[in-house]
Amino acid sequence: MKTKLYFTAILLLGFMGISNAQAQNPECTTNLSIYVEHAKVKNYDAAYTPWKMVYDQCPDLNRATFVYGERILKDKIKKSNGTEKDGFIGDLLVLYDNSMKYFPAKTKMADMEIKKVLMKYDNKMISNDEIYSNLQKAFTEDRDNFKNAKALYLYFSSLVDLNAAGKKDLQEVFDVYDDVTEKIEEENKKLTATITKLLPKEEKDELTSKEKKVLKAANTNSVSFGKIAGSIDSKLGKLADCGNLIPLYQKSFDAKKGDVKWVKRAVGRMFNKECTDDPMFKKLFEAQLALDPSADAYVYGGTLKQKAGDTNGAVADFNKALELETDSYKKSNIAYKVATIYRRGSKSTARNYAQKAINANSANGKAYLLIASLYASSANACGKTTFEKRAIYWKAADMARKAGRVDPSLSSRANKAAASYSAKAPTKEMIFTEGMQGKTVTFSCWVGGSVKVPNL
């Protein structure tokens, strides 16, 4: 048994690293192998004493002390209460700090700060001030590794609460909102790229066991980011209404008009909140055009021209934006913006731009949802009989389901939309009564194409 324990320890040290402490204190190595054997089978009570000895006397012996130590202490926290529980929570918080101290190269600062905040938050041991200051430190100093969806929400949510208490100004709320939403978009972009790559293999049942795990994790994480993004928008609420945005930008414009990042964010927010009728939007847009005549600037310019009735000029600007943008992801977002502009006017034009968005980025689920809504809103114009008119909802539901498949962050919205459209499609009774099972319904309106009626 002793030989087996030493062999296990040697293997573990080979994988996780070892310092000269091993030679200085053989008892630490022995206890290391003992607690690892217990922890591997989740016998954390038996692992605690030998682990504690190694942690106290040889903290730099092996990183396993911190990996397993976290699990051991979390088990203690789960099984205790009162002052004893508080003591174990304190031990875990110190362990996170010591992990950065003894193994800085293998420890991500953002991870440790997030874990500390979440542990305190879940146990009601932290204020909004501390949540915000600690997560702000993690986000600004280690942004690449700040990937926890719940922590991103708490970072922003605590700031909004501090603003409500008069401790933080509105501009800081908007700045952090932009930072957090950009981070969510970055992470979801990576996840949807993975999903897009693996979906064809899944449909052909060709995924390896490893790929199945990767796809499942990507889907799960994308859904989490989607939920958090919605929660963050809800938390921002009316703070971003035109009534707050316009006076804020009027007040800050002279001081900030040379700051391209501020100007671009201000223009983007006013555009997204449909504050484009106010003269302040035009003022900000012209400032952006002077600082950075990018693709987005032409989108905004096209919007102004469209509102002024210059349809040809608007289309020219929109197409110029797509021509200028070289990044496929950004090009997709631009095409989607243009599609949303046209959705209340020319549905066919809106679909064309939505399709361009999909062509540039096949994971743009919002474009699929937009097309689905365009189809659904055209039911009365796409058929002669009630059955034909309602059949368009099958096409709409299919597009909505595609949105959820390519971008799981939208799965909740996509599933609700698909269910709503399906409920409006012909019922089984209608299919039977009219003898339409298995037949094809062709659409002669702008939608075009056809759908096959389900078999009963």
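**Exercise 1. How many salt bridges does a search of the whole structure find?**

Solution. The search of this predicted model finds 28 salt bridges.

**Exercise 2. Which parts of the chain does the pair Asp122 and Lys150 link, and are the two residues buried or partly exposed?**

Step 1. The side chains of Asp122 and Lys150 form a salt bridge, at 2.8 Å from N to O.
Step 2. Asp122 sits in helix H7 (residues 109-122) and Lys150 in helix H9 (residues 149-164). They are 28 residues apart, so distant parts of the chain are linked.
Step 3. Check accessibility. Asp122 has a relative accessible area of 45% and is partly exposed. Lys150, at 37%, is partly exposed.

**Exercise 3. Where do Asp179 and Arg265 lie, and which network includes them?**

Step 1. Their side chains meet in a salt bridge of 2.6 Å, N to O.
Step 2. Asp179 belongs to helix H10 (residues 170-203), Arg265 to helix H13 (residues 260-272). The separation is 86 residues.
Step 3. Buried means under 20% relative accessible area. Asp179 has 19%, so Asp179 is buried. Arg265 has 13%, so Arg265 is buried.
Step 4. Widen the view. Salt bridges link Asp178, Asp179, Glu182, Arg265 and Arg269 in a network.

Key: Residues are numbered from 1 along each chain as its sequence is written. This is a predicted model: local features need pLDDT of at least 70, side-chain atom pairs count only at pLDDT 80 or more; totals for chains, interfaces and linings use all residues. Side-chain values use heavy atoms; hydrogens and water are left out. A salt bridge is a side-chain nitrogen of Lys or Arg within 4 Å of a carboxyl oxygen of Asp or Glu. Helices (H or I, at least four residues) and strands (E, at least two) are DSSP runs, numbered from the N terminus. Buried means under 20% relative accessible area, exposed over 50%, partly exposed in between (1.4 Å probe, protein chains only).
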